[in-house]
Amino acid sequence: MDVHLLLVRDDEILLGMRQHTGYADGHWHLPSGHLEAGESLPAGIIREAEEEIGLRLTPEQVRFVQLVHHAGPGEEPRVGVFFEATRWAGEPVNAEPHKCAELRWFPARAIPPETLDYPAEAIARYLRGESFGVHGL
């Protein structure tokens, strides 16, 4: 299962440019990752936020906003769970420069066309207030 973070500041969302990962390199993506064995969904996104962007979030600072059933070409279907954080302490940093070329804030309604399709569609659904989607199936 994947967990994704919509870090929202005013009307902007934080995206990272993937590099050297073997998956969607050269595309913008939300901070995200896979759950570890025995990890809850909130604990997973809190861990990923610290690992990828150096933010320590609390369970009260993350809110479930969307579930997406997704499969890319040649991929096994999986479920992505999207959380929103609108408050936190500190500023995000690129804590994984070996996997992320840069972090950048984008207007939520004008994310770049190079954004990976499945999180891009999830962002669009989030902006419409939708909590569920199917992508690629």
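Strands here are DSSP runs of E with at least two residues, helices are runs of H or I with at least four residues, and both are numbered from the N terminus. The model is a predicted one: local features need pLDDT of at least 70, side-chain atom pairs count only at pLDDT 80 or more, and totals for chains, interfaces and linings use all residues. Residues are numbered from 1 along each chain as its sequence is written, and side-chain values use heavy atoms, with hydrogens and water left out.

**Entry 1**

I looked up how open Gly26 is: it is partly exposed, with a relative accessible area of 39%. For this term, buried means under 20% relative accessible area, exposed means over 50%, and partly exposed is in between, with a 1.4 Å probe and protein chains only. I then checked Gly26 against Leu116; the two are 90 residues apart in sequence, and their C-alpha atoms are 9.1 Å apart in space.

His20 sits in the loop between β2 and β3 (28–29), and its phi is near 55°, a positive value in a residue other than glycine. His20 is exposed, at a relative accessible area of 64%. Ala24 is in the loop between β2 and β3 too; its phi is positive at about 60°, although Ala24 is not a glycine. Ala24 counts as buried at 16% relative accessibility.

**Entry 1: overall layout**

I counted two helices and eight strands in the protein. Along the sequence they follow the pattern β-β-β-β-α-β-β-β-α-β. The radius of gyration is 14 Å, and a compact globule of 137 residues would have one near 14 Å, which agrees. That radius is taken over C-alpha atoms, and the globule rule is 2.2 Å times the number of residues to the power 0.38. Along the principal axes, the C-alpha atoms fill a box of roughly 40 × 35 × 30 Å. Of the 137 residues, 47% are buried.

**Entry 2: aromatic pairs**

A pair of aromatic rings is described by the distance of the centres and the angle of the planes. I used this rule: rings of Phe, Tyr and Trp (its six-membered ring) pair if their centres lie within 6.5 Å, with planes under 30 degrees apart counted as stacked, over 60 as edge-to-face and the rest as tilted. How many aromatic pairs does a search of the whole structure find? I got four.

One of them joins Phe64 and Phe83: the ring centres are 6.4 Å apart and the planes stand at 80°, so I noted the pair as edge-to-face. Phe64 is in strand β5 (residues 63–70) and Phe83 in strand β6 (residues 78–85), so the pair links distant parts of the chain, 19 residues apart. Phe64 counts as partly exposed at 41% relative accessibility, whereas Phe83 is buried, with a relative accessible area of 5%.

Trp88 and Trp105 form a stacked pair, at 6.2 Å centre to centre and 10° between the planes. Trp88 lies in the loop between β6 and β7 and Trp105 in strand β7, so this pair ties together parts that are 17 residues apart in sequence. Trp88 is buried at a relative accessible area of 18%, and Trp105 counts as buried at 16%.

What sits over the ring of Trp105? I found the charged end of Arg9 there, 4.1 Å from the ring centre. The test asks for NZ of Lys or CZ of Arg within 6 Å of the ring centre and within 35 degrees of the ring normal.

Asp10 is in the loop between β1 and β2 and counts as exposed at 72% relative accessibility. Asp10 and Thr86 are 76 residues apart in sequence, with 8.3 Å from C-alpha to C-alpha.

I placed His135 in strand β8 (residues 132–135). Is His135 buried or exposed? His135 is buried, with a relative accessible area of 10%.
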